[in-house]
Each structure stands twice: as C-alpha cells, then as structure tokens.
Amino acid sequence: MYAREFRDGAKDGLEALEPLDPDKIASFSDLLEAMGKTAFGGRHLGKAFDVLWAMVEDPDCQVVMTLSGAMTIAKMGKIITKMIDEGMVQCIISTGALMAHGLSESVGKTHYRHDPSMSDEELFRKGYNRVYDTLEMEANLNHVEHVVSHTLKRLNHDRPLSSEILTRELGKTLAEELDGDGILKSAYLKKVPIYIPAFTDSEVGLDMGTWAMAREVDRVRSQTEHGGEVDILRAIHQSCPSFNPYLDLNSYADHVLSAKRLGIFTIGGGVPRNWAQQVGPYIEIGNLRLGLSVKPPRFHYGVRICPEPDYWGGLSGCTYQEGLSWGKFVTPKDGGRFAEVLSDATIVWPLLMMGVLERKKASAVHRS
C-alpha cells in the first residue's frame, strides 16, 4: 500500500482562501476583492473584477464591448454610457434590438413593468410589446422611426451605408438636436464606433428598410392599376437601402489592428460575441489566401458574463478556452488573462461597474 503524505498546501504554493468577513467590507471594490478569495460563483466574480480592472487600466489596451440580450430594456443603458464616458471601451458590437430599445430611452420614452394579470393578447391589442417581465410601447418604436428617418434624410443616398455609419449619424442627431444622454450619443461624442452585424434583425433595420420603400410607394401605386396591396409591396421590396456589411467588417478589422493590446468585455453571446472574436481568423485567412504577413490580432484580456454554460450546446456558451483553438486569444502562458461568470448580467454587471468606478476614483486621488 502506498504511503500517503499529509502536506500543507502552502508548501506546494497553493493559494489560500479567506472567509468573507462583513466587518472588513466597506465598499463594492472591497466586496469584490473578498469574493475573489472565496469559492464557486463568488470567486469567478472576484476574478472578473480583477481582470476587468487590469483591462481598463492598461494604457495600451483597446477594449471591445459586445452586447446581446435585452440589456437596455433591462435598464442597463446608463452602465453602458458610463463605460463609454469613462473611457473604458473603445469599440462596441451589439445586437440591433439592444440599440433600438436604448434609442427609445434616449429620446425620452419609458419602459414599464409587466403586470402578469395582463395576457399577451391584451398586450398586443394595447400596443405593448413584452420582453420577459418588461414592456416596450409600440408607440416608442414609432418615435424611434421618426428619429431614424430624420437622420437618413440628411445623408448622401449615393454613398453605401453600414451600421457604423448609421449609428454614428444617429448619435450626431441625439447630440445636436435632442436633450438627455444615451449610448449612441456618448459613442458619437467619444468617437467610439458601434457595429451591428445582424443589422436587419432590429427595429432600426426595419425602419431603414421601410424608409427606402417609402420613397417609391407612391410611384409604384400609380403604376399598379389592377394589382392588389401585396403586388405593391412586392414591387417596392425592390427598393433596398444601399447597405454594405463589409464596410463594417473591414472597418472593425482596421480598428483592432491599430491596438497594441486587445481586451474584450462580453455581455451574453450571440452574433456580437462571435463577430468580434473572428477578427483574428479573418486576418489569418487573409495571410494564407492572399499572400500577406499581417500579425493576427488576439485578445489579451477577456471578461464574459453569460448565464449559458458550454454543455447546453449553444455558441453563447463558447468559452475562452475553446476560442484559443481558433487563434482568437493570447494563451495564458503568454500572458492572456480571462474570466467568465455564468450569471445574469443584470445581477453582476452593476456590481462590477461600481467596484471599478470606486477603484478608479481612489486611484485618481492617490495619483493626485
């Protein structure tokens, strides 16, 4: 029978854990640091705080933030604007719906708590669109359409558009013509590009499509004597906006190629997460097939907040470890630092932000 040793972990260089002592917690940053010395989900959150702080404080790091899920409906919009205003992010990749609902909020419209006694049939009749436990008024989205169409009218219609161009112009409209804050406004003022890869999967995408068709509807109607409404619709469907998604793809690639180091802060998953991360393979494919020798950009830091684990089989559960096999991240042995928190972002994101803002304030005071 083998002889078993009874060693103290310190002799093998193991990291000791510490009880979370409420008497020693005086701030959010204190709490998050203490959680990093505990176990399970608390330890993951503490590590995320540590990596996020390293990311935003690294002067050579450009941070890409990817956003999915109903975060603006969930009233997380001001967290996003704060991160932009504080210089914590230099690029945003988002779902279109998230930006559309944030735009609704930016123009002064309100979201409401859903009353469970109201059925979805009743909500439809009243023009209330339900997102889990929250309501977006259809009238709000109609107001958003007015802002979108007003913005489109001043653009050069012979110039191909992209989501980056349109979100910048919408931000300009908010900054110059409307009071109040908002994601697009802050991004415009701070020169932070916003990309929406699945652009037509959004209210703003639909607004742009109907805006293009509206320019032709009267002409088509006058020429369609015997056709019905469906015939008119099919005819004006040929009037598409001049929109080129490759302008976004190549603009984003140029953006990250200029960075000395890259960080990625991800809420949820979906198209924004994967689109942001594919830039390394995109450059590598170009090297292989075009005879180039450009160094592929890889993310040095990463923090992901998403409740979906990898064993559910969805890409939103794709881990950073998996991404290493695609050449998307710097390996840990080469200095890569990553943290993943399997939780609802509306719970842990505010905690992380309060901790980072406290530490930034304390560091500013210390430097002065």
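How much space lies in the largest pocket? In this predicted model, the volume is about 430 Å³. The pocket lining comprises 22 residues. Gly-69, Ala-70, Met-71, Tyr-132 and Asp-344 lie nearest the centre of the pocket. By residue class, the lining divides into 11 nonpolar, 8 polar and 3 charged residues.

Helix packing was examined for H6 and H7. Helix H6 spans residues 138-153, and helix H7 spans residues 163-177. Their axes come within 10 Å and cross at roughly 105°. Angles of 65 to 115 degrees count as roughly perpendicular. The two helices, H6 and H7, are therefore roughly perpendicular to each other. On the H6 side, the contact is made by Val-147, Val-148, His-150, Thr-151 and Leu-152. H7 contributes Leu-166, Glu-169, Leu-170, Thr-173 and Glu-177. The residues of this contact divide into 5 nonpolar, 3 polar and 2 charged.

Aromatic pairs were also counted. The structure holds 9 of them. A pair of aromatic rings is described by the distance of the centres and the angle of the planes. One of the pairs joins Tyr-195 and Tyr-252. Their ring centres are 5.8 Å apart. The ring planes stand at 70°, so the pair is edge-to-face; the cut-off for this class is over 60 degrees. Tyr-195 lies in strand S6 (residues 194-195), whereas Tyr-252 lies in helix H12 (residues 245-257). The pair therefore ties together parts that are 57 residues apart in sequence.

How values were computed. Residues numbered from 1 in each chain as written. Predicted model: local features only at pLDDT ≥ 70, side-chain atom pairs only at ≥ 80, totals over all residues. Heavy atoms only, no water. Axes fitted to C-alpha atoms, helices over the stretch in contact; angles between N-to-C directions. Helix = DSSP H or I, 4+ residues; strand = E, 2+ residues; numbered from the N terminus. Parallel < 35°, antiparallel > 145°, perpendicular 65-115°, else oblique. Contact = heavy atoms within 4.5 Å. Nonpolar A, V, L, I, M, F, W, Y, C, P; charged D, E, K, R; others polar. 1 Å grid on protein atoms, 1.4 Å probe; cavity = no way out; pocket = protein on both sides within 12 Å on 5 of 7 lines; lining within 4 Å. Points joined across faces, edges and corners; volume = space filled by probe spheres on them. Phe/Tyr/Trp six-rings, centres within 6.5 Å; stacked < 30°, edge-to-face > 60°.
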